[in-house]
Amino acid sequence: MTQRHYTLAETLSLIDDLGAEQLERYIRAGVVAPVQSAQGPLFRDLDLARLSLVVDLAEGYHLDEEALAMVLSLVDQLHGLRGDMRAMLDAVAREPVETRLRLKAAIREVRVIRQG
Amino acid sequence: MADDPYKALGLARTATQDEIKKAYRKIAKTDHPDLNPDPAAHERFKAASSAYDLLKDPEQRARFDKGEIDAQGQERPQRHYYREYAEQGDNPYRQSHGFEDFSDVFSDLFGQRAQARRGGGARSFDMRGPDQRFTLEIDFMTAARGGSTRITMPDGSVLEVKIPEGAHDGQVIRLRGKGGMGMGEGEPGDALLTLIVADDPDWRRDGDDVETTLPITIDEAVLGGKVEAQTIDGPVMLTVPRGANSGQKLRLKGRGIKGSGGKRGDQHVVLKIVMPPHVDDELAEFMRGWRENHAYDPRRGK
């Protein structure tokens with residue numbers, strides 16, 4: 001399955017409140033990293049979703065591209081870890097009941113009892 | 001969205017354009033689904049962004065205020081949030097931050113640090129049942145046409161599974177609540193069926209296209225004519241051209257598999273000339289005579 005790609009012009013028209021200069025700054029600062037091609041940058045659905053978030057963050061918190069790059073890197077880590085966690089839970093869910101009970105007890109010990 | 005976009009933004013109808021934008025930005029700050037995992041926040045954000053979409057354009061807002069358009073129908077197509085992509089294991093942005101992806105988290109799981117100290121025994125708790133994965137093999141026609149098939153679950157119960165038209169290898173079908181039992185008050189998990197489409201000797205599949213072989217007689221090959229051919233939808237009459245060759249392909253447009261876009265692929269019919277079961281004297285005699293004056297060599301040049 002081939003992924004849909006959007007040109008620079010298409011991207012600008014799809015994302016509200018995003019100007020060409022601003023987008024260029026974001027690309028330079030690495031806030032967004034579109035696919036490079038002979039026709040110029042191509043944006044994936046992933047990039048569009050990221051840019052929407054960037055616009056909301058930039059306007060809501062008055063962040064410049066450096067701050068945005070930092071915030072986005074934290075967001076990436078958070079979401080990535082959440083995905084990892086989900087994969088792990090999925091793997092655990094496939095284990096037999098006894099194994100899951102053992103894991104649950106171990107996690108409880110580390111996260112709940114030892115802290116208390 | 002909420003029936004009243006002003007309410008979704010917490011504004012009076014007299015709000016200025018600037019106030020509308022500010023109100024939306026304020027909600028985006030606290031309730032953005034990429035920053036706040038709370039489902040209630042997601043709902044607030046969704047309502048606010050639909051409202052903002054409607055009211056941010058003064059002309060459109062005026063039409064709404066006059067009752068010419070309503071709040072429905074203004075919703076933009078399902079917005080995809082960044083987290084949907086960012087949680088994927090292959091998110092390119094995550095890798096670019098120089099973290100060693102999976103290994104960071106999972107090396108601990110399999111390494112030495114994860115020494116479990118056995119605590120007290122199991123306590124009572126509620127837990128959603130596990131999702132259970134199964135592999136379901138279906139035949140070519142069921143995959144192509146869609147239909148239903150019965151499977152027997154590990155606990156002996158029989159389930160009717162609906163197969164969508166154009167199902168493909170590796171496709172996963174989720175049966176809600178048909179997985180493992182929950183513990184305590186927990187709900188059962190889901191059953192996840194990964195489809196395998198069995199090979200069929202008569203039907204070869206290439207993406208959404210299919211290929212079949214159509215045996216024809218030597219007289220059909222020489223003279224051409226109408227021959228019945230099987231398609232996914234049943235038999236059709238196919239015109240074999242005069243002088244048809246083995247290996248020649250005829251295309252039946254739109255007779256293939258229904259693709260993800262809803263459009264069907266094509267069927268390619270490969271002709272195969274089949275000799276009569278017994279070459280009788282009459283045929284042999286005719287061929288001998290024909291060869292005298294019409295010999296040709298298909299192995300040399302063209």
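Mentor: Helix α2(B) passes α3(B) in a left-handed crossing, meaning that the near helix is turned anticlockwise from the far one by less than a right angle. This is a predicted model, in which local features need pLDDT of at least 70, side-chain atom pairs count only at pLDDT 80 or more, and totals for chains, interfaces and linings use all residues. Residues are numbered from 1 along each chain as its sequence is written, while chains are lettered from A and ligands numbered from 1 in the order in which they are written.

The axes of α2 (residues 17–31) and α3 (residues 39–55) of chain B come within 9 Å and cross at roughly 155 degrees; axes are lines fitted to C-alpha atoms, for helices over the stretch in contact, with angles from 0 to 180 degrees between N-to-C directions, and helices are DSSP runs (H or I, at least four residues) numbered from the N terminus. The two helices are therefore roughly antiparallel, the term for angles over 145 degrees.

In the contact itself (C-beta atoms, placed from the backbone, within 7 Å), Ile20(B), Tyr24(B), Ile27(B), Ala28(B) and Asp31(B) of α2(B) meet residues of α3(B) that include Arg44(B), Phe45(B), Ser49(B) and Leu55(B). By class, the residues of this contact are nine nonpolar, one polar and two charged, where Ala, Val, Leu, Ile, Met, Phe, Trp, Tyr, Cys and Pro count as nonpolar, Asp, Glu, Lys and Arg as charged, and the others, Gly among them, as polar.

Beyond this pair, 32 residues of chain B are in contact with 29 residues of chain A, and α2 is among the elements of chain B that give two or more residues to that side.

Technical notes: Angles under 35 degrees count as roughly parallel, over 145 as roughly antiparallel, 65 to 115 as roughly perpendicular and the rest as oblique. Two residues are in contact if their C-beta atoms, placed from the backbone, lie within 7 Å.
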